[in-house]
Every structure is written in C-alpha cells, then in structure tokens.
Amino acid sequence: MESVAWDRSGRWIEPFVGSAVVLLNVNTDRALVGDTNQHIIGFYKAVQQGKLTADSVREFLEREGSILLRDGQEHYYRIRERFNAYHDPHDFLFLNRSCFNGLMRFNKKGRFNTPFCRKPERFRPAYITKICNQVGWVAKRMQGKAWEFVCADWTEVLGDARRGDFVYADPPYAGRFTDYFNSWDEDDAAKLEKQLKALPCSFLYSMWSENKYRKNERLHQSFREYEIRTFSHFYHLGATENLRNRMTEALIVG
C-alpha cells in the first residue's frame, strides 16, 4: 500500500472488510469499515470493546478444545448450533478455526453451515497460543484508533465517503464464489464500478483479472482509462481441488 497516493488526512473506508487484513496492516488512525456479515462486524467490535481478549480466547479454546478432543465432530456441531442461536464471537472464532478448509459459509437463512475439518486434536497448546497472539495483536492495533465498524450494505458505506478519504473495495468475486454470506453477481459488480467512479476521493478496487479458463473482459473494458496493476497467486481456498488454481488479480487505481 506504500505506492498508493494518500496523505491520510481523511478516513480509510472499506465497504467489504472481511478478514480486515488490509485495514490492520494499513493501520490508519481513522477508518469506516463495513460488511453485511454481522458476525464479522460483531467479532471486531467485541475485540475493540475488550469483550473478546487473548485471555478470554485462551480460556475458551482450552475448555472447548478439550471437549472437541474427547467428543470429536459431535462437539463441533454443538458449537455450530449454539453459534447459530446466540452468535457469540468466541463460538465464531472456534468455528472459523475448526471448520472444513477454513471456509466461512452461510446458508440462505444466515446460518453457518460449513462442516467440521475432521481434526478433533485441532486445538493443541501451540495452536491456541498462536490464535491468542493474533487476537492480542489485533487488539493492540485498534488501541487509540477511531475505527468505526458498521453492519451495512456497501452502498451505504460508500455513500459516506468524502473528499480526503480513501476507499478500498474488495468485494466477492462475481462469477466465482457467491454464497459466502449473500449473493453477488455481475449486476452488483457493475453497480459498484459505477459508484466507485463517482466517488469524491481516491480508491483501490480489487477484482479477479483472469485465470486459466478465462479473462475478466468486462472489468478491463470498464476501467480501460484507469491504471490496472496485476499480480498472480495460487488460490488455496475452495470446496474442491479444481477450484484451487492460480489466479491473476487486478488492482484498479482510481
């Protein structure tokens, strides 16, 4: 992000915050970040408010991990049912770290439905320590920062952008995986692109450029007058092996 021309006078705005990895690494003083997935927003608010800490996570995972080791997948599905009923962020973290292939997936009723990873020994002491260190690092990053987390549609978040802000948009990839939390298709992508071009501030837009099967022609046509930076990496996530391939990503600089 060092190559992005932004004086940090405004806010960092992300309408699809997801894992918040970009926000946490940019580490700006002010930010407005949103997502339609209330569980993601709830998790980061819990860290921000001190309701979920490295200590609380250690106590939770040591307890629930020992039960998982004893009862196996039966306990995973108990936690999943409990989370779908009460939405506790500690349960959310447990599921995220013990579900199949790390895929966070919800059905049309908004219920987490990813199956178990089939590793009852998942929460070994070293792994729990690693997770706790990550939570502690995130909490430290948030200290003293004016970061606002909102559960909202991306149109609302972008509608709040002002001159001096900077927008980073990394939506679901149209044409690939669309049932992460809600639907996302070519019409949504076209609507987003139109709103990005009308922003009163600079932006970065992340989208897939091409893979071994096809090229995202519509993206390149839509932003033909903008700088497009591309880079390739291997796409490790995917329910099946054939969905895990090399992908060329695009960053549109606006």
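This is a predicted model: local features need pLDDT of at least 70, side-chain atom pairs count only at pLDDT 80 or more; totals for chains, interfaces and linings use all residues.
**Ground rules.** Residues are numbered from 1 along each chain as its sequence is written, and side-chain values use heavy atoms, without hydrogens or water. Local features need pLDDT of at least 70 and side-chain atom pairs 80 or more, while totals for chains, interfaces and linings use all residues.

**Overview.** I looked up the secondary structure and found nine helices and seven strands (DSSP runs of H or I, at least four residues, and of E, at least two, numbered from the N terminus). Of the 254 residues, 45% are buried (under 20% relative accessible area; exposed is over 50%, partly exposed in between, with a 1.4 Å probe and protein chains only).

**Salt bridges.** I found 13 of them (a Lys or Arg side-chain nitrogen within 4 Å of an Asp or Glu carboxyl oxygen). Asp-160 pairs with Arg-11, with closest N and O atoms 2.8 Å apart. Asp-160 is in the loop between helix H7 and strand E4 and Arg-11 is before strand E1, so the pair ties together parts 149 residues apart in sequence.

Which residue meets Glu-193 in a salt bridge? I found Arg-218, at 2.7 Å from N to O. Glu-193 lies in helix H8 and Arg-218 in helix H9, so this pair links parts 25 residues apart in sequence. Glu-193 is buried at 2%, while Arg-218 is partly exposed at 29%.
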